[in-house]
Amino acid sequence: MAITAPRGTQDFLPEQTAEWQLLEAKIRQICSLYGFGEIRTPMFESTELFLRGIGETTDVVTKEMYTFEDRGGRSMTLRPENTASVVRAFLEHKLYGDPQVHKFYYMGPMFRHDRPQAGRYRQFTQFGVEEIGSKDPAVDAEIIAMAFQLFRELGLNDLVLHLNSVGCPKCRPVYRQKLLDFFADKRDQLCDDCNERLEKNPLRVLDCKEDGEKMMQMGVPLITDNLCDDCKEHFHKVQEYLTAIGIPFTLDPRLVRGLDYYTNTAFEIMYAPLGAQSTVCGGGRYDGLIEEVGGPSTPGIGFAIGMERLLLTLKEQGLLPPVEKKQPVFIVALGDAAKTKAFELQQQLREKGLYAEIDLLGRSMKGQMKSANKLHADYTVIIGEDELAAGEAQVRNMASKEQVSVPLDGIVAYMETHKKG
Ligand code: ATP
Ligand code: MG
């Protein structure tokens, strides 16, 4: 049986990688505008890092990780996300000793044992940022603005920002208790998953896909009505900054994270036509995470964008510009001696930064002209036996069909003045 790529993984052939490269270039440009530097961490880490950094009750950790024992008997996991690794690197390199705001971005593959479908894969790519060292709500608004600027510059306007605050370790336990009290006599109205969530991670009941709406109608207490003064003020400020720069948002009290180290701002940016895979960007503040992973208490916030989903969205909206193919000089050569000359010229042109090709399939003159057309050559240089003897070549401009004789030792100079790139 033929060997195929593992389920949930994809190959990207050169035409598709060209689209990725366009997107990556745009992302890098925005990151540099906002002062973010790229961080690259390993594709696998000690499993322990993700248990602490993502949380042992989350779906990612309980159901989706690719965990294996290495030959030394250590438990390793292919990274399902990048925040935990960035935090580990931040600590390992003692960056907390430098009291500034640290801004990182990453782009790369993540691995989750998800159920593959459009926009959901087992190896997928995230672009994300982490801004570590400041509690200022301007930071929250800044990274949201960054995601928005990226989307807008890509031409995407139909995105909706959902915003919530999940409070802090001061106000959340009080709210959690209110939730438990509220559901105490209503447990039979909840799905099995929600009953389990109430045990382990009560806040998560609100983002139940089945019963979430119903709960709102039942009058479930909302975290945003139960924030302490500091959290209220923080949430208010984030909204004020977003409003000041014209970013619309929808308050969504059902957007929760539920783990203790998540604090204040939680947000998602959605593109509705992607259905169950509509979340293009998810992010939030995690002022307790760094301490959880073993460092000094340090605030932080980040987001992650699923790049496959972003590309799907761009495609669906017809926003992927056609990838421009570079046009070569095609050197047509007849006979062995001419071929050697063509090979030499090809090299000289390339070393001058000009794209050049020759025939590598032993084709006839006619066949070589066909190859030149297929590659959309802007010039062909024709070296037959007669030309070679005379020390010159025919240079044809493929668009205008003009043809001139140029001495062989003048071809490179001719192309340098005439050819575009
Ligand atoms: P979902 O609810 O869609 O599973 P999530 O909450 O697991 O998303 P996050 O952990 O917040 O996602 O990851 C951030 C982003 O990464 C998502 O918004 C999405 O765009 C992308 N993403 C997550 N899982 C996958 C996957 N299996 N395949 C492709 N993209 C993904
Ligand atoms: Mg998921």
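**Ligand contacts and helix packing**

A: This is a predicted model. Begin with the ligand: a backbone N or O atom of V280 is 3.3 Å from an oxygen atom of ligand 1.

Q: Which side chains have an N or O atom listed with a distance to an oxygen atom of ligand 1?
A: R120 has a side-chain N or O atom 2.8 Å from an oxygen atom of ligand 1. For the side chain of Q126, the corresponding distance is 3.0 Å.

Q: Which residues are around ligand 1?
A: The residues around ligand 1 include R112, D114, Y121, F124, T279 and R309. R120, Q126 and V280 also belong to this set.

Q: How are two packed helices described?
A: The description uses the angle between their axes and the distance between the axes. Here, helix α1 (residues 14-33) and helix α11 (residues 307-316) have axes that come within 11 Å and cross at roughly 105°. α1 is therefore roughly perpendicular to α11. On the α1 side, the contact is made by E19, W20, L23, E24 and I27; α11 contributes M307, E308, L310, L311, L314 and K315. This contact has seven nonpolar, no polar and four charged residues.

Q: At what angle do α12 and α15 pack?
A: Helix α12 (residues 336-351) packs against helix α15 (residues 411-418) at about 40°, with the axes 10 Å apart. The two helices are therefore oblique to each other, and their crossing is right-handed.

Q: Which residues of α12 and α15 meet?
A: From α12, L345, Q348 and L349 meet I411, V412 and M415 of α15. By class, the residues of this contact are five nonpolar, one polar and no charged.

Technical notes
Residues numbered from 1 in each chain as written. Chains lettered and ligands numbered in written order. Predicted model: local features only at pLDDT ≥ 70, side-chain atom pairs only at ≥ 80, totals over all residues. Heavy atoms only, no water. Axes fitted to C-alpha atoms, helices over the stretch in contact; angles between N-to-C directions. Helix = DSSP H or I, 4+ residues; strand = E, 2+ residues; numbered from the N terminus. Parallel < 35°, antiparallel > 145°, perpendicular 65-115°, else oblique. Left-handed = near helix turned anticlockwise from the far one by under 90°. Contact = heavy atoms within 4.5 Å. Nonpolar A, V, L, I, M, F, W, Y, C, P; charged D, E, K, R; others polar. Near = heavy atom within 4 Å. Polar contact = N/O pair within 3.5 Å; in protein donor to acceptor, adjacent residues only side chain to side chain.
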